[in-house]
Every structure is written in structure tokens, then in C-alpha cells.
Amino acid sequence: MINILVAGDFSPRENLNNLIVSGNYNDAFNEIKELNNRMDYSAVNFESTVTNDTCRPIEKNGPNLKCTPKSISFLKWAGFDMLTLANNHFFDYGDCGVCESLKIIKENGMDYVGAGYNLTDASKTLFKEIKGSVFAFINCCEHEFSIATHKQGGCNPLNPISQYYAIKQAREKADYVIVIVHGGHEHYQLPSTRMQETYRFFVDSGADAVVNHHQHCYSGYEFYENKPIIYGLGNFCFDNERKMPTTWYEGYAVQLIFSQNKIDIQLHPYVQCQDDLSVKFLTNQEKFDKQIRALNSIILDDDKLRQANENFYTSQLKDSIKPFLPYKGRILNALYNRGILPCVLNHKKEYLQNKILCESHLDILQYSIKNI
């Protein structure tokens, strides 16, 4: 039996960054360290960049995240073996941040996948022998300001055609193939029908497990063709000075259990960075288990999932269109929200780029334009 743990988004902001610099984190994170020590291999999504004073933030929509180099040694201390790097923040400080981050990761002797010095490097599959079996890890993300090109560093883009060939090639060398994707709608606890179709396609292509993160909230899972698809882990450790929805502070790490002719899972739910800077596993999982069952019941019903997606897209309709409008300021936006001002689209480069190139934003935008 082989046990592999996959955790969600790790991004130390100011408070957690300071705690890591101080080194006084043993009590706050000993539970995850103990869990990792029971695993044969552990991975976490490193959703930040390690930068030096010469690195400058790129122009983008959303925050530019960076952290201390000690964050990498902290993750190694916590028992993680591999960092998944394909996410929407790893290129926040350009090629300089990519190079600095990869340098620190290598110096700490940690494995990584999903990013590199160019697109060819970023799209490489990581092969790892674990207890006599070869595992292939493929990591990609949706298109949000971080994608590598043939001339610049960054992350491996979600592209079902590319991932199909990567899975096929990995199957020739590996006993198991695990695909880890960074994508989905933020603060929405269900996958889109596009995500479900894509991740099932990965299984049809030969993946043994598919794991997703990014939404800042956990989602449910399904077994498709007897292979687990996890639709959202939630934040692993992501502090925020602003008060966030309850789901921001809740998540789980998934334990993939590989035995002869069978793959099973175990969820390890926790609360992170809510009352203090820590990750604490739930002692009572009754509420969590009930919520997971409710999410799974929708995921397994095509009509319910489609309707839930439409309900969510409808709730996001006005906000989805708003970045394209010429209205600025609280008063004009309030008039627009009340229907007093009309919907008039205006070209705004960064917003347009993000809304059109990112698959999840595009899902909502297409629905909104059709139904406005």
C-alpha cells in the first residue's frame, strides 16, 4: 500500500510570513507535520513567489503575492516532499521571481512540477519512484497571468490536448499517473460542467487520479471509472488580514491510497488561519461529512450540477459585466446595479484579458453575455 497526500493552496501573507521568519511555528503546524510523516509522499500547492529586491511585480488583475525564502524550508520542515507550482501567482514577479523561486526550491532539495524557465520546462512530467512503484505527476493551471511561453518562464497551462499526450506518454513509464489542476470559480463549492468533462477526460486518457484546487473553498469528489476526481481542496494555509467567508478557512488534504488493483481516498479536514495562524484538523467531522455528501450528490447528478452552475452564473452576472463598463465609483456602480444606468461595454485591457483567457472567468462571461 502506498499513501500520497495532496494539499491545497499555501500562500503566506504578511502575518504568516512574519511567523515563518521568526521560526516559532512548531505548535501551530505540528499536526500537519505528523500527518505528512505517516505518508509515503506529500505535495502542496505553493501559490506565491520567492523574490529578491530586484524582482518587480507584473501588471495584472489581482494581488501580486511574494514571501520569504524561509517559506520553502518551512514546507520541507512540515514534511512536504513536492511543490506544485502551476497556479495564478507563481509568475507574479516575472521571470526574476520564477528563477529566484526555483533556485530556493532546489537549494532545499524539494521536488517540484508545473512551472519552469520556459513552456517546455514548465510542462515536464515529474516521475518519482515510491516504494517500488513509479508515479507520474502532471500539474497545470487555468490561464491567469502566469502562463509560460517559449521565451519566458511561468506555469504549465491547462490544455486538454497537451495533457492527453502527457498522460499517454507518462503511462509508458509509470505505474500510476496523477494529474493536479489549479482552476475553478473562486468561492464556489462546485465544479463547472466544463471542469467535470475535462477531468473525466483525463481519466479516460489514462490518469489514475485527478486533484483540483484554487477556489479558496473545498468541493466534493466522485469516483469515475473507479478513479478518484477531487474537485476542490480549499486553502491549505492562506492567511488574509480581511475577514473572509467561513469557507475560506476550511479545507482538507486528500490521502490517495494505492493498493493492488484499487485506488481509495481519505479526506483530512481542517481549519486554517481562522482564529490564529495554524492548521488544525477537525476533531468532529459530522458537519463536514454532511456537507461533502451534499456536494457529491450534486456532482453525481448532471441536471443538478448544470442547474447549480446556472444559478451561480446568474448571481455573478452583473459583477461579471461590470469590469467592461465605463462606470467608476460607488455612485455610478450603484446606479448600474439598480438598473438605472445601461450596460455599455468598454475596452479595458487587463480585465478583458483575464475575463477572456481564463477558462473559469470565460464560463461566467459567456453565460452573462447570453443572458444579460
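1. Is Phe74 buried or exposed? Phe74 is buried, at a relative accessible area of 2%; buried means under 20% relative accessible area, exposed over 50%, and partly exposed in between, with a 1.4 Å probe and protein chains only.

2. The model is predicted, with local features needing pLDDT of at least 70 and side-chain atom pairs counting only at pLDDT 80 or more, while totals for chains, interfaces and linings use all residues. Residues are numbered from 1 along each chain as its sequence is written, and side-chain values use heavy atoms, with hydrogens and water left out.

3. The count of aromatic pairs is 28. Rings of Phe, Tyr and Trp (its six-membered ring) pair if their centres lie within 6.5 Å; planes under 30 degrees apart are stacked, over 60 edge-to-face, and the rest tilted. Tyr25 and Phe74 form an edge-to-face pair, because their planes stand at 80 degrees, with ring centres 4.8 Å apart. This pair links distant parts of the chain, 49 residues apart: Tyr25 is in the loop between α1 (14-22) and α2 (26-37), and Phe74 is in helix α3. Helices (H or I, at least four residues) and strands (E, at least two) are DSSP runs, numbered from the N terminus. Tyr25 is buried too, at 12%.

4. Tyr25 and Phe74 belong to one aromatic cluster, whose members also include Phe10, Phe29, Trp77 and Tyr270. Elsewhere, the charged end of Lys318 sits over the ring of Tyr336, 4.9 Å from its centre; the rule asks for NZ of Lys or CZ of Arg within 6 Å of the ring centre and within 35 degrees of the ring normal.

5. How many disulfides does the rule give? The count is one disulfide, a disulfide being a pair of cysteine sulfur atoms within 2.5 Å. Cys55 is joined to Cys96, S to S 2.0 Å. Cys55 lies in the loop between β2 (41-46) and α3 (70-77) and Cys96 in helix α4 (residues 94-107), so the bond ties together parts 41 residues apart in sequence. Cys55 is buried at 5%, whereas Cys96 is partly exposed at 28%. The disulfide is left-handed, because the torsion about its S-S bond is about -70 degrees.

6. Cys67 is in no disulfide, and its nearest cysteine sulfur, that of Cys237, is 11 Å away. The sulfur of Cys217 is too far for a bond, since the closest cysteine sulfur, in Cys358, is 15 Å from it. Cys217 is buried, at 1%.

7. The largest pocket holds about 870 Å³. On a 1 Å grid over the protein atoms alone, a cavity is a set of points where a 1.4 Å probe fits but cannot get out, and a pocket is an open set with protein on both sides within 12 Å along at least five of seven lines; lining residues have an atom within 4 Å of a point. Grid points are joined across faces, edges and corners, and a volume is the space filled by probe spheres set on the points. The largest pocket has 35 lining residues, with Asn61, Glu144, Glu186, His187 and His361 nearest its centre.

8. The structure has one cavity of 30 Å³ or more. Glu144 is among the residues lining the largest cavity, together with Asn88, Glu142, His182, Gly183, His214 and Cys358.
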